[in-house]
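This report is meant for a reader who is meeting the structure for the first time. Please look over the sequence and the model below before reading on.

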Amino acid sequence: MNKKYHIDLNENYQKELARILKAKRLEQGKSLEEVSKGICSTSYLSRLENNQVKLQDPYLKMLFEKLSINYDDLKQARKKNLFLDIIKKQLLQQTMAYQETINKMIESNNYLDVEQELVLLYDNIIKGNFEEATLVMEKLDSNHYQFSQMEKLFYMYLVTLYYYSANQIIMAYRQVKVLINERIDEEVLYWVVFELSMCIHFLIGKFNTYIKDYMRFIKDAPVVYFSNHMIRHRFKSIYLDSLDDVTKAYNQMKNYYSELNMNDDKIKESYDYYLGLIYLGQNKYEEILKTLGEGNLSPRIVKLLAIAIINVENNGLYYYILKRLNNFNFSKYDEIIKNLCEYATIKVNSGNNIIKLQNFLKNKIYKMLKYSFEYTLYEAIIKEMLLFNIKCSKYKEGCFLMLNYLNKVDK
């Protein structure tokens, strides 16, 4: 992503109004003759719509009235960029203001169909309504909208965010590789894309890239919008520190705890998860069960608990936690974690049936990593499969797994 550069706002505003005029006329199925009649010539309207002449308020007011649009209301609505406005409200956790903006947009005649669809797509992704989001994406693709540059960038970001949020990490990574090479002028959009790329790089284990971007993020990103994100990325950086000095990492997490607002559920969940990751990196599976087993559950907390269960012998929390995991309300997008919990249950109940366990692991979890790849989960599953190969004397298959693992680590 290139750094932002100066924009001629007056020129952009002229282009935007011209585009709205033309798009609204076409949305309503009206001809140039119908709209221009009594106001100007059809050729002049055509030049207006194509930004070939300077727009003038008296003409615009009358032309928009022909389209049943109040020109003064339209200008007021266009003082803010709709996409940036909702992103900012979401980042600032202004829930009521965010929803009010969405509602007003839906009821307003001041926005184009494509703008409304993009905002609805964002809203569905943020709220986890992925099936509805899929339908909106299909509609956006099938209607062949003529995207402005801002709409194109916002849509690319939303598609990447959709894949990331729906645990289709390979697709998210492919999307973000294209997105980060686009020129993004608006500061907030630039940094939400940058932050999303950081999250994806961390998930797939590209830690060197992540660390480089993290240093830039905490230095240059606007704190007013990204303070909570910076806290969560701080947890990630401590986890990466633990790979070299685990004692230092434990102390950092302990000291950081007192500075945090643990009434914020998202911050608390992130703290627990990354503390669990530190334990996982040290193979302290019983500590994961003790620390995370009785707290609030999320899909990724469930994942850590399931990994811990398949690596420990029975202890006091064992069956209690397993029951909690199997009662967790998984969505269809958490299928790989649901299968992991089912695997843990099978292993507890039929620990000696190695063939059954190995087949389940290979077909219900390992194959799914092709789409839902996550480095931490991949490492745990590879380790489990290698242990089975050793027990079954399948050394050739084990070598192939190890080579595949090393290739992914090197990339």
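Which residues in the largest nonpolar core touch the most other members? The model is a predicted one, and in it Phe154, Tyr157 and Leu189 have that place among the 150 residues of the core.

## The chain as a whole

The protein chain has 411 residues, and 50% of them count as buried. Its secondary structure comes to 23 helices and 0 strands, and its C-alpha atoms fill a box of roughly 85 × 45 × 35 Å when the box is taken along the principal axes.

Among the contacts with a separation of 6 or more, 64% are between residues 24 or more positions apart.

In soluble globular proteins, nonpolar side chains tend to be buried together. In this model the largest nonpolar core has 150 residues, and helix H12, which covers residues 187–203, gives the most to it, with 12 residues.

Phe154, one of the residues that touch the most other members of the core, has its place in helix H10, residues 149–165. Phe154 is buried, since its relative accessible area is 0%, and, when residues up to four places away in sequence are not counted, Phe154 touches Phe83, Ile86, Ile87, Leu118, Tyr122 and Leu189. With neighbours within four places in sequence left aside, Leu189 is in contact with Leu84, Ile87, Met150, Leu153, Phe154, Tyr157 and Ile184. By contrast, Pro58 is 96 residues from Phe154 in sequence, and the two are 32 Å apart in space, C-alpha to C-alpha.

## Two further buried residues

Met156 is also found in helix H10, and at 15% relative accessibility Met156 counts as buried, the cut-off being under 20%. Leaving out residues up to four places away in sequence, Met156 touches Val178, Leu179 and Glu182. Met156 and Val176 are 20 residues apart in sequence, and their C-alpha atoms are 8.5 Å apart in space.

Asp85 lies in helix H6, residues 82–91. Asp85 is buried as well, with a relative accessible area of 14%, and its contacts, not counting residues up to four places away in sequence, are with Lys80 and Thr101.

## Helices H13 and H14

How do helix H13 and helix H14 pack, and at what angle? Helix H13, residues 207–220, and helix H14, residues 223–242, pack at an angle of about 140 degrees, with their axes 11 Å apart. The two helices are therefore oblique to each other, because an angle has to be over 145 degrees to count as roughly antiparallel.

H13 passes H14 in a left-handed crossing. On the side of H13, the residues that meet H14 are Phe207, Tyr210, Ile211, Tyr214, Phe217 and Ile218, while their counterparts in H14 include Phe226, His229, Met230, Arg234 and Leu240. By class, this contact has 10 nonpolar, 3 polar and 2 charged residues.

## Helices H18 and H20

Helix H18, residues 299–309, packs with helix H20, residues 335–349, at an angle of about 25 degrees, and their axes are 9 Å apart. That makes H18 roughly parallel to H20, because angles under 35 degrees count as such.

The crossing of H18 and H20 is left-handed. H18 contributes Pro299, Val302, Lys303, Ala306, Ile307 and Ile309 to the contact, and H20 contributes Ile337, Leu340, Cys341, Ala344 and Val348. By class, the contact has 10 nonpolar residues, no polar ones and 1 charged residue.

## Two residues with positive phi

Most residues other than glycine have a negative phi. Ser68 has a positive phi of about 60 degrees although it is not a glycine. Ser68 is found in the loop between helix H4 (57–66) and helix H5 (71–77), and Ser68 is exposed, with a relative accessible area of 60%.

Asn167 also has a positive phi, near 65 degrees, and is a residue other than glycine. Its place is in the loop between H10 and helix H11 (169–179), where Asn167 is partly exposed, with a relative accessible area of 24%.

Conventions
Residues numbered from 1 in each chain as written. Predicted model: local features only at pLDDT ≥ 70, side-chain atom pairs only at ≥ 80, totals over all residues. Heavy atoms only, no water. Axes fitted to C-alpha atoms, helices over the stretch in contact; angles between N-to-C directions. Helix = DSSP H or I, 4+ residues; strand = E, 2+ residues; numbered from the N terminus. Parallel < 35°, antiparallel > 145°, perpendicular 65-115°, else oblique. Left-handed = near helix turned anticlockwise from the far one by under 90°. Contact = heavy atoms within 4.5 Å. Nonpolar A, V, L, I, M, F, W, Y, C, P; charged D, E, K, R; others polar. Core = buried A, V, L, I, M, F, W, Y, C linked by side-chain atoms within 4.5 Å. Buried < 20%, exposed > 50% of the residue type's maximum accessible area, 1.4 Å probe, protein only.
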